Amino acid sequence: MNTTAHRAIVRLSWQAHTQPGAWRYALGFVVLLMAPATGVALAMGQGTGAALAANGLLVLAALAWLACDGLWTQNTPTLARLLPGQVRAMQELLVLLVFVLAALAALLLHAWLGLGWRGFWAAMLVLLMVVAVQREPWLWILAWLGFSGVWALGPVRGLIDGLAAAPVPLQLAAALGCALLLAASIGRGGRWHHASQARRLRGQAGWQAMKEGRPMPVAMMPEWQLRLKGLFVWPQQWWRRGLLSQPPASHPLARLELGMGIGGLWAIQLWVLALIALALGTAVAVLSVVRPSIDGSLVIHHARFGLSIGAFSMLAGSLHTQLSMLWSRRRDQALLVLMPGLPQGAELSAGLEQRWRRQYLLQWALLTLAVLGLAAFGEPRTLSFVAASAACVLPLVWWVQHAQRRLRDRVGLQAWMLVAPLSSLPAALAASYEVPAGLSLAAGAAVYALCAWRHKPPPVLLPFGR
Amino acid sequence: MNLSLPWWRTPRRAADRTLSLHAQTAAAAEEPADDMAAAPTVRVHGLSLAYGRTPVLQNLDWRLQPGQVVGLLGRNGAGKTSLLECLLGLRDAQAGEVQLFGQSSMTLDDSARARIGYVPQQSDLFEDLTASQLLAYFRSFYPRWNTGKVDSLLSRWEVPTGTPIGRLSGGQQQRLSIIRALAHDPDLLVLDEPVASLDPLVRRDFLRELVGQVLDRGTTVVFSTHILSDLERVAFNVAFLQTGRIALQAPLDALLEEVVLATGSESALAAFAAASAPAQVLSRQAGRWLLRGADRSAAPAGVLVQPAGLEDLFEALT
């Protein structure tokens with residue numbers, strides 16, 4: 001056994017991850033769940049020892065996630081084929097890691113719940129699932145179905161109980177089976193490994209593109225995804241054709257958007273919303289025929305969160321895309337300077353800011369009308385919920401542009417991610433008190449007007465950034 | 001894992017054996033090796049690869065002898081990268097077989113892997129790591145690691161060792177990739193467009209290093225490039241990839257000496273080719289023929305015969 005190689009793999013597992021900032025995410029996960037875990041342990045009346053055990057399990061889960069992710073980062077087809085001894089060392093390490101973590105988790109579970117061997121096998125199954133979903137992220141769907149109760153968890157519990165009660169030789173055989181499964185999950189550079197790696201790279205490219213506000217690079221898309229994309233982007237292409245048929249000197253800012261690849265996002269958004277409305281309407285119509293006992297308005301009420309948060313996240317997403325393009329790529333910086341007919345300096349900055357603010361307000365108004373129109377078929381509290389969500393999202397454009405003027409380039413992403421947490425609580429409160437839609441919207445408009453009135457520094461001169 | 005094989009304990013030097021810096025001719029390439037000393041480092045037989053319905057490599061045969069330096073030339077999309085990937089077992093071919101050091105490239109053992117250095121076209125380095133961390137990682141897997149060479153190259157090529165790789169420029173990442181590939185003194189070095197993003201000074205130094213590697217250790221080198229001037233500096237052999245096959249592989253000096261560019265009327269060129277038989281017509285364009293092995297003194301009136309350059313060969317053979 002080449003222990004130097006093992007040490008190097010372990011070291012790199014903590015140094016490199018598929019996503020930058022993986023440590024921060026893991027820490028956030030632990031901190032976020034620490035209080036609920038402690039609460040559950042204390043609520044079960046088992047004292048501080050149990051609370052410590054519950055928190056220890058959280059830490060173990062985060063460590064398992066980070067360690068496995070670090071291993072997958074190294075398991076590329078090229079290294080698997082060319083780096084001597086790497087695959088074997090990784091297999092040995094993965095098996096060791098999972099068994100050690102399962103043993104530690106079993107100890108904690110025993111201290112907390114007195115589960116004995118059942119704790120070991122439960123932890124082993126969870127760890128196997130972690131390994132599987134990290135290897136093949138689409139397996140999350142199965143895991144999610146399990147958590148959401150679609151799959152019966154009874155057989156799993158039965159399996160755990162059966163294994164824990166089985167004679168030692170059988171348990172050893174099961175452990176050997178787990179070890180073989182784990183070893184087999186390490187890619188050796190074959191066709192399956194290449195396909196898996198390609199999916200992984202696509203996922204990373206998609207995430208990176210989303211963070212930078214760019215569309216997913218076409219080269220990273222498989223054929224089916226390109227075709228699916230065509231279903232959604234045709235209104236944008238229609239808008240582009242219309243713009244290009246105009247004389248070259250006309251609409252310079254719209255042409256700039258075209259060059260930056262962000263023009264006509266509003267057309268996609270409206271089309272997607274129309275598709276959602278169509279799907280929702282069809283679902284309600286079909287349900288009313290198949291199951292007349294189900295109330296259609298209740299279905300729409302249950303869809304309120306997806307409707308409002310989904311639609312307004314799309315809106316904030318386009319805001320993020322527009323702003324990110326000004327900062328993230330040299331190509332777009334060059335466009336700002338070199339594109340003929342474009343105003344320069346302060347005029348360009350102010351022009352773009354005004355244009356995007358106008359676009360945002362118009363899109364917001366259209367989306368609000370559309371979701372309110374759908375919510376009108378729901379219950380009164382549905383309307384309250386949707387209107388309050390819309391009101392919360394309205395001042396976002398001010399906030400983002402304010403930050404942009406202060407030369408902070410990453411606020412767009414935050415705006416997009418903030419939609420759900422920012423609007424959920426007020427919307428839920430408004431729904432519970434059935435606050436009239438007009439009142440919520442008026443409050444949102446007032447906040448926006450106040451912000452706009454208080455905030456009048458000149459915008460930063462473009463191009464700025466790279 | 002037994003990596004303690006005799007060839008690591010006794011580093012080979014140029015003086016220890018006869019270097020073959022020239023590629024085999026097509027006829028010689030067909031002859032089977034009769035002993036292990038003459039066994040080719042790379043043997044490709046009947047390799048075919050297609051992407052969907054587009055054929056890329058078609059029944060390709062190729063052999064590289066120990067110590068050969070071969071520049072692989074081909075147009076964009078000709079399949080150079082695919083060929084190099086198939087060579088190393090990084091891509092599954094639909095048909096054919098590749099052997100490296102006498103083993104199938106798909107099932108190489110660790111001792112064979114330790115003898116290969118590879119620089120891919122696109123950086124595959126871990127971007128979170130610094131150069132030092134990356135090199136420490138790779139050092140752990142190779143039984144042979146030339147620390148002196150690594151330190152010297154890092155310093156000469158000015159690669160920052162404490163900065164995350166993701167923050168290095170494209171050229172710096174490329175340099176690091178080359179250092180990583182050279183660090184374990186490989187016996188086979190496969191380089192896919194290694195100099196594309198290097199500045200002229202580093203490029204020259206890299207080529208010098210490459211020649212040093214060949215002369216000191218007898219490393220077999222195969223590299224693809226579009227920079228023909230670099231090829232002329234270091235490639236003792238050139239291989240032209242055309243329509244999925246190696247159209248021609250030959251020593252570069254001999255090729256430049258033997259191939260002529262003849263210009264004139266079609267009838268006069270045909271007469272010249274006939275008079276120069278058995279000269280090989282490599283390409284025919286209107287009024288511009290490329291011939292190999294033609295007798296210059298046999299050129300009829302109206303035919304201008306000039307030495308052909310690598311660019312002419314590239315145009316004719318790819």
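This note comments on a predicted model with chains A and B, point by point.

1. Overall make-up of chain A. The secondary structure of chain A amounts to 21 helices and 0 strands. Along the principal axes, the C-alpha atoms of chain A occupy a box of roughly 80 × 60 × 45 Å. Of its 466 residues, 32% count as buried. Among the contacts in chain A with a separation of 6 or more, 77% are between residues 24 or more positions apart.

2. Domains of chain A. The domain assignment divides chain A into domain 1, covering 3-199, and domain 2, covering 234-454. Taken over C-alpha atoms, the centres of domain 1 of chain A and domain 2 of chain A are 39 Å apart.

3. Helix 6 of chain A. This helix spans residues 117-135 and has 19 residues. From its first C-alpha to its last it reaches 27 Å, close to the 27 Å expected at 1.5 Å a residue. Its buried residues are Arg118(A), Gly119(A), Phe120(A), Trp121(A), Ala122(A), Ala123(A), Met124(A), Leu127(A) and Val131(A). The partners against which these buried residues of helix 6 pack are helix 3 (47-74), helix 5, helix 8 (154-165) and helix 9 (168-184) of chain A.

4. Contact between the chains. Chain A contributes 23 residues to the contact and chain B contributes 22 residues. On the side of chain A that touches chain B, helix 1 (3-15), helix 4 (77-82) and helix 5 (86-113) of chain A each supply at least two residues. Helix 1 of chain A gives the most to that side, with 6 residues. By residue class, the side of chain A that touches chain B holds 9 nonpolar, 10 polar and 4 charged residues.

5. The sheet 2-1-4-5 of chain B. In chain B, 4 strands form an open sheet with the order 2-1-4-5 and antiparallel pairing. Strand 2 (54-64) and strand 5 (103-104) of chain B are the edge strands, each pairing on one side only. Strand 1 (residues 42-51) and strand 2 of chain B run antiparallel and are joined by 7 bridges. Opposite Val44(B) stands Trp62(B), in strand 2 of chain B. Helix 3 (residues 80-87) of chain B lies across strand 1, strand 2 and strand 4 (95-100) of chain B, and runs at about 125° to strand 1 of chain B.

6. The sheet 12-13-11-14 of chain B. An open sheet of 4 strands in chain B has the order 12-13-11-14, again with antiparallel pairing. Strand 12 (280-285) and strand 14 (304-307) of chain B stand at the edges with a single partner strand each, so one side of each is left without a neighbour in the sheet. From one strand to the next, the twist averages 25°. Strand 11 (residues 259-263) and strand 13 (residues 288-292) of chain B run antiparallel and are joined by 5 bridges. Val260(B) has Leu291(B), in strand 13 of chain B, standing opposite.

Note on methods:
Residues are numbered from 1 along each chain as its sequence is written. Chains are lettered from A and ligands numbered from 1 in the order in which they are written. This is a predicted model: local features need pLDDT of at least 70, side-chain atom pairs count only at pLDDT 80 or more; totals for chains, interfaces and linings use all residues. Two residues are in contact if their C-beta atoms, placed from the backbone, lie within 7 Å. Ala, Val, Leu, Ile, Met, Phe, Trp, Tyr, Cys and Pro count as nonpolar, Asp, Glu, Lys and Arg as charged, and the others, Gly among them, as polar. A residue is buried if 20 or more other C-beta atoms lie within 10 Å of its own, exposed if 12 or fewer, and partly exposed in between; C-beta atoms are placed from the backbone. Domain bounds come from an automatic or database domain assignment. Two strands pair if DSSP finds at least two bridges between them. Axes are lines fitted to C-alpha atoms, for helices over the stretch in contact, and angles run from 0 to 180 degrees between N-to-C directions. The expected span of a helix is 1.5 Å times one less than its number of residues.
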